[in-house]
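Thank you all for coming. I would like to walk through one model this morning, beginning with the strands and ending with the charged side chains.

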Amino acid sequence: MAALQRRKTEEESGRRRRPRPPEWIVELGIGADRSPVQVHAGDCHMAGRRRRAVSRDEARRLLATGLEGCTHCRPAARLHIIELSTRRSQIAVCRVRTGRRSRRATDGRLAGRPDPRRPPARDE
């Protein structure tokens, strides 16, 4: 009984001493320079293994300089950077209105365009 009590006490003290998770994370790229790739919230499940913790101010600065934010945790919205989150959504709306093809529509089915990767069909 004493051993169980001691184990429970140790587990509880371990939980209290565990460092808090970071509030903001920057996902780093591959290679020697390891430049930042995306900004994530600290609790985002989409952040990769190569990452480092950053402060709130640095996360805001990185987003303002053009670094992409995660599409799942939406750090621009959480940091109340309204112009960044609306600007990106306006770009997406503009692409839909102008009829420009997206990455998903590269097979040519959009707007009846032929697929540039396939050779033209032979008329027999």
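In what order do the four strands form the open sheet? Bearing in mind that this is a predicted model, the order is S3-S1-S2-S4, and the pairing within that open sheet is mixed. The edge strands are S3, residues 51–54, and S4, each of which pairs on one side only.

Let me take the pairings in turn. Strand S1, residues 24–28, and strand S2, residues 36–41, run antiparallel to each other and are joined over five bridges, with Trp-24 standing opposite Ala-41 of S2. S2 also pairs with S4, residues 68–69, but here the sense is parallel and there are two bridges; Gly-69 in S4 is the bridge partner of Val-39.

Now to the helix that goes with this sheet. Helix H2 lies across S1, S2, S3 and S4, and runs at about 115° to S3. Within H2, which spans residues 56–64, Ala-59, Leu-62 and Leu-63 are buried. These three cover an arc of only 95° around the axis, and therefore they sit on the same side of H2. On the other side of the helix, Asp-57 and Ala-64 are exposed. After H2 comes Gly-66, which has a positive phi, near 115°.

That brings me to the charged side chains, where a search of the whole structure finds six salt bridges. Arg-7 is exposed, at 52% relative accessible area, whereas Glu-11 is partly exposed, at 41%. In another, Arg-16 meets Glu-12 at 3.2 Å, N to O, and these two are likewise separated by about one helical turn, because they are four residues apart in H1.

Finally, Arg-52, Glu-58 and Arg-61 are linked in a network of salt bridges.

Definitions and conventions
Residues numbered from 1 in each chain as written. Predicted model: local features only at pLDDT ≥ 70, side-chain atom pairs only at ≥ 80, totals over all residues. Heavy atoms only, no water. Buried < 20%, exposed > 50% of the residue type's maximum accessible area, 1.4 Å probe, protein only. Arc of directions from axis to C-beta. Pairing = 2+ DSSP bridges. Contact = heavy atoms within 4.5 Å. Axes fitted to C-alpha atoms, helices over the stretch in contact; angles between N-to-C directions. Salt bridge = Lys/Arg side-chain N within 4 Å of Asp/Glu carboxyl O.
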